[in-house]
Amino acid sequence: DYLGTGTGNYTIFLKLVVPLPPSLPILVSPANNSLTTDYTPTFNWNNSTVPAGTTFDHYQLQVATDAAFASIGSDVSVADTSYQTIALENCRTYYWRVRGKNASGAGPYASRNFRVTRAISGAPVLLLPANGSLNVEEVTTLSWQAEGCAFQYRVELAKDSLFTQMVTDQTVSVTSLAVGPLDGNTDHYWRVRGINNLGQGTPSA
């Protein structure tokens, strides 16, 4: 028998498997940047699209207290397109996101945020000028501590303790306000109220 040696050409076939996860779900409610008094809101979203030849498995829903989802309070698997969450804290902003999953993997997250507010603001703590201060500058800055349930603050400054002789009455979104020039050798009184979607809160003492 003859045994020959030599080289030939080889063809190698590679099968590439492309992942086909579900599409981005469309979030419905709560709306983005919305306010709610419901401390157990129901999350709703529309179905993801499942690529041909694949079978949908479930949705992953996460609820967190930060936009980076480092502090996740809920992480659940949901077969449907809605889920009622556990009780949430008052006066806090929450972030939620949903993605679909199938045998190919996880699709992209759709995310939103909302705020739970079930009570009016408490009385802000006044900082400066301190109560009973003397020799205050004619143009001075009033400052106070932030109040967790407040979105804005109403600042009132008057020449009498009943606040009938008003000097200024302004609404601001920060925790300080420059006022003046004030009348010399005159007592002034000031107070601050927090404001949220439920109305104005108790004034500071």
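Reader: Leaving aside neighbours within four places in sequence, which residues is Val98 in contact with?

Author: In this predicted model, Val98 is in contact with Pro25, Leu27, Trp45, Tyr59, Gln60, Leu61, Pro108, Tyr109 and Ala110, once its neighbours within four places in sequence are left aside. The word contact is used here for heavy atoms within 4.5 Å.

Reader: Which residues touch the most other members of the largest nonpolar core?

Author: That core has 15 residues, and those that touch the most other members are Phe43, Trp45, Leu61, Trp96, Val98 and Phe114. Two or more residues come from each of the strands β3 (42-45), β4 (56-64), β5 (72-78), β7 (92-102) and β9 (110-116). Apart from this core lies another, of twelve residues, including Ala150, Val155, Leu177 and Val179. As a general background, nonpolar side chains tend to be buried together in soluble globular proteins.

Reader: How do you know that Cys91 and Cys149 form a disulfide?

Author: Their sulfur atoms are 1.5 Å apart, and a pair of cysteine sulfur atoms counts as a disulfide when they lie within 2.5 Å, so the pair of Cys91 and Cys149 meets the rule. By this rule the count comes to one disulfide. The link is right-handed, with 90° about the S-S bond, and it joins distant parts of the chain, since Cys91 is in the loop between β6 (82-84) and β7 while Cys149 is in the loop between β11 (140-144) and β12 (152-158), 58 residues apart.

Reader: Why are Cys91 and Cys149 called buried?

Author: Buried means under 20% relative accessible area; Cys91 has 15% and therefore counts as buried, and Cys149, at 11%, counts as buried too.

Reader: Is Asp160 buried or exposed, and where does it lie?

Author: Asp160 lies in the loop between β12 and β13 (166-172), and because its relative accessibility is 12%, under the cut-off of 20%, it counts as buried. Leaving aside its neighbours within four places in sequence, Asp160 is in contact with Gln165 and Tyr189, whereas the C-alpha atoms of Asp160 and Leu198, 38 residues apart along the chain, are separated by 29 Å.

Definitions and conventions: Residues numbered from 1 in each chain as written. Predicted model: local features only at pLDDT ≥ 70, side-chain atom pairs only at ≥ 80, totals over all residues. Heavy atoms only, no water. Core = buried A, V, L, I, M, F, W, Y, C linked by side-chain atoms within 4.5 Å. Buried < 20%, exposed > 50% of the residue type's maximum accessible area, 1.4 Å probe, protein only. Helix = DSSP H or I, 4+ residues; strand = E, 2+ residues; numbered from the N terminus.
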